[in-house]
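Reader: Please take a close look at one part of this model for me. I would like the contacts spelled out, with distances.

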Amino acid sequence: MYIKEAAVRLNTTPRAIRFYEEKGLIFPKKDKENDYRYFTENDVVRLSTILALREVGLGLERIKDLLENSEMSINEYLNLQRSALFEQWLELKDMITTIDQMIGSTEDEKDDMEAIFKLANQLKKLKDSRKNWEDKWEFDDWADEYENYIKKDGYVFNVHQDYDDALEKVAEVMELKHKSVCLDIGIGTGNLGSKFIARGVHVIGVDQSEKMLQTCNGKYPEIETRKGHFLALPLLDHSVDGIVSSYALHHLPDKDKLLALEEMNRVLKENGQICIADLMFQNEDHRSRVIDAFRSQGNIEAVQSIEDEFYGDRSLLVKWLEANSYQVETHQFNDILSMIYAKK
Ligand SMILES: C[S@@+](CC[C@H](N)C(=O)[O-])C[C@H]1O[C@@H](n2cnc3c(N)ncnc32)[C@H](O)[C@@H]1O
């Protein structure tokens, strides 16, 4: 078919089609006699893919990459695009909220520039937190060996002592009905999220590591995986019934843990539940006592492991949850492993 017909069929313009040709995304044959472009059915399918991906905001380079290099599937590209859009959306929301607050602070007689500047700084910090988290542990490299790693014993300091019990306990306390939606943040290879599959719960696993998500998918195809981050969850507001997370939150610095709770609160439905099993101390006093005890036993491995990550202060998380209308229960598995169960 010629360009006009292709354009009508795809609800676009000949100009747009020529643009994609100029950018090297499509290569219609040209009629030698009159130089008209001729589009085969395959060209039309390729064009419809380009148009669909452009419509959801994918850049030309990305699309070219996808069409030329089949290592990543369309699904994976779309997944990445969704995460990127959620990040942009959250940034816009933060900006709008700040503007509302700035307007509020100018409603008195005189403009309060000091307040405006303070709000702008708060916004800057928030943007930096959402964007600047780095995976210094390189979880992509762990994905294949993760199961062996957690089953190993013989460490001087075994962070996975009580791992199985903790995951069981989370699964036991979460009241989730058939067809409800449960989000597992930092799902890794799916060890916790998979415990809900048999109950007919729809599990969505979010992780910042592409490789972890691939391994999770391989083990549990029933789990829907989404690339994303504690501080920019790729989910709409009030869209999940329950949130679980195990051994993941301690990769966030303390200042960001409360922001992570805010994000959970944003995506959780009314009456929803959150359950976090993670490496944390009851409070700062408990942290000092435990670290001092390891030091006096000469267990330097323990002290260094704790310092390499961000073991939380449980009391701060509980305080935030209670202040935000959650009923909270806690459970202590051992000196470094705790669980928080919170119902809204
Ligand atoms: C130690 S593994 C735990 C995996 C699984 N939850 C479990 O209990 O076996 C930590 C996981 O959290 C993910 N993770 C760490 N920080 C994260 C963040 N800020 N946002 C999303 N995922 C994160 C890592 O990629 C990794 O898959």
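**A salt bridge and the ligand site**

Author: Asp-237 and Arg-266 form a salt bridge, with their closest N and O atoms 2.7 Å apart. The model is predicted. Asp-237 lies in the loop between strand S5 (224–227) and strand S6 (240–246), and Arg-266 lies in helix H10 (residues 254–267), so the pair ties together parts that are 29 residues apart in sequence. The count of salt bridges comes to 21.

Now the ligand. The ligand sits in the largest pocket. Around the ligand there are 20 residues. The closest are Tyr-163, Gly-186, Asp-207, Gln-208 and Ser-246. By type, the shell divides into 10 nonpolar, 9 polar and 1 charged.

Next, the polar distances. Take Asp-207: an N or O atom in its side chain is 2.5 Å from an oxygen atom of the ligand. Ser-246 has a polar side-chain atom 2.6 Å from a ligand oxygen atom.

Last, the cover. On its own, the ligand has 590 Å² of accessible area. The protein covers 99% of that area.

Conventions
Residues are numbered from 1 along each chain as its sequence is written. This is a predicted model: local features need pLDDT of at least 70, side-chain atom pairs count only at pLDDT 80 or more; totals for chains, interfaces and linings use all residues. Side-chain values use heavy atoms; hydrogens and water are left out. A residue is near a molecule or strand if one of its heavy atoms lies within 4 Å of it. A polar contact is a pair of N or O atoms within 3.5 Å; within protein, one must be able to donate a hydrogen and the other to accept it, and residues adjacent in sequence count only if both atoms are side-chain atoms. Accessible areas come from the Shrake-Rupley method with a 1.4 Å probe; for residues, only the protein chains shown count as cover. On a 1 Å grid over the protein atoms alone, a cavity is a set of points where a 1.4 Å probe fits but cannot get out, and a pocket is an open set with protein on both sides within 12 Å along at least five of seven lines; lining residues have an atom within 4 Å of a point. A molecule sits in a cavity or pocket if more than half of its atoms lie within 2 Å of its grid points. Ala, Val, Leu, Ile, Met, Phe, Trp, Tyr, Cys and Pro count as nonpolar, Asp, Glu, Lys and Arg as charged, and the others, Gly among them, as polar. A salt bridge is a side-chain nitrogen of Lys or Arg within 4 Å of a carboxyl oxygen of Asp or Glu. Helices (H or I, at least four residues) and strands (E, at least two) are DSSP runs, numbered from the N terminus.
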